[in-house]
Amino acid sequence: MLAKMYELGYITEDEFRESVNLPIADMLNVSAPVNGCESAGISVYFCEYVVKDLLASESWGDSQEDRLNQLYRGGLVIHTTLDTSKQQAAFDAVTTYVPVNDPSSVEMAMSSVEPGTGKIVSMVQNTNYGSATPEDPNATTVNLNVGMDRGGGYGFQSGSTFKVYTLIEWIRAGRGLDELVDASRDTYTRDDWTISCAPEYADAYNPSNIEGIGSGMMTVLESTKRSVNLSFIDMASQLDLCNIVGVAEQMGVRSGNGAALTPNPSSVLGSNNVTPLSTANSMATLASGGIMCEPLSFTKIENQDGDVIADISPSCVRVLDEDVADTTTSALQTVVSPGGTGFRAEIPGHDAAGKTGTANMDYHAWFMGYTSHEASAIWLGHMEGNISMFYTTINGQYNIEVYGGLYPAQVFSAYHARILEGVAPVPFSLQTVAANENGATVLPQGRDNPAIRPVPVPEPEPQPEPEPAPSEESDPAPPVEEDTQPDQNPSEGDVDEGDGE
């Protein structure tokens, strides 16, 4: 070809000789092909989550093998729940505070869920997808937001964020926010605990407060605002620990390995390993007034002809009475206010509520919270396990301690402030519905969501037909024998504790 071009005068002799002498390898720009989720950029972990969700879903395909074949060979169009603008906002917020491959080697993960539907609108972490290398030591294929069944790990100790579920059970039991609890008692025997579902977990326990925080008698509300350890231990000792972990699970909280949460005394302060996505979902339950929706990653599947082969609706159920959810929200709003441990999570112009959490020895730091629009959970720590973050420099800032009210709370504020730019504030008390520009129903807090499965109402007991009242002209009714009267009373059928952050 080059000879012919020279012969016809398209190139000079010098150009011909230069081209002939150029090695072929120098003319090639070889790049490794990028396939599947690896081409999804900052959404690669969410993409992998969707794939695993699709393969596990019985809403389409005859078997997992059939779904696998269709997914990779069927030319399908998958409609996911991801909001790309919120995904970018989430990634920017996370990496602004903890950059990818920060010298501290700490990781951060964040998930956000829409209340009332369970739609996952953002899911990010500050790692590159792939195998770790000397140039990229924190690269990983593990999704830090989820459990093992969706490409994640065991989860992380929740620290004081778990106090939310003691607070909820306290309110469910009819107790008040203004009641006084003991913020000084630090010695408990096995007899102090009620653990009806697993009494073998009862044991002696000696918790402590962070030095200088909490003493004497305090109200539950002030204890929540300041996250006082011993107050919540006193509260839990008056409740059933099985109910505390039970309400957490009902609200969507999950361990990474799929095991049930352990109802031991240290669980009150966050010794259970949980996942960011599941804790975000529990916050969405509060934001929706007590309605828990299963996390949703895709809504529709179309084949190559454009036919819909699966149309997924939210799967929701009420797990908390609305007054319990709203009372909890009113308490958690004080956390995100001046003097609260989560004051850095404030969102100017918008109501917010949430809870900070720091595991023992600053192994893990959390913030989980919500507005009427969206719920989020942010985790910070070392994915390898329990490694202290004392005396750590993160993004150039030296920290004696690293706690949930610091980096995670700031990420929550930055993300939600950005996605709420230009959005009218929606107070937590709002229970109305509206329509968006596409005509779809918008339920800011999930209340009155038509997707909720109705709770069965038992049929009323059959009642006897009333005897007709005698008229003045008729004879009195004969007396009824005692044994023919209707029955009026039928028979009825130990791990590290979290700190005070």
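Predicted model: local features only at pLDDT ≥ 70, side-chain atom pairs only at ≥ 80, totals over all residues.
1. Let's start with the link of C197 and C242: with -95° about the S-S bond, this one is left-handed.

2. C197 is exposed, at 51% relative accessible area, whereas C242 counts as buried at 10%.

3. How many disulfides does a search of the whole structure find? It turns up 3. Counting the bonded cysteines along the chain, they pair up as 1-2, 3-4, 5-6.

4. Next, look at C37 and C47, whose sulfur atoms are 2.0 Å apart in their disulfide. The link is left-handed, with -75° about the S-S bond. C37 belongs to the loop between α3 (24–27) and α4 (44–56), and C47 to helix α4, so parts 10 residues apart in sequence are tied together here. C37 is buried, with a relative accessible area of 9%, while C47 is partly exposed at 23%.

5. Finally, there's the disulfide of C293 and C316, with sulfur atoms 2.1 Å apart. Is its link left-handed or right-handed? Right-handed, with 105° about the S-S bond. C293 lies in strand β8 (residues 291–293) and C316 in strand β11 (residues 316–318), so the pair joins parts that are 23 residues apart in sequence. Both C293 and C316 are buried.

Methods
Residues numbered from 1 in each chain as written. Heavy atoms only, no water. Disulfide = S-S within 2.5 Å. Helix = DSSP H or I, 4+ residues; strand = E, 2+ residues; numbered from the N terminus. Buried < 20%, exposed > 50% of the residue type's maximum accessible area, 1.4 Å probe, protein only.
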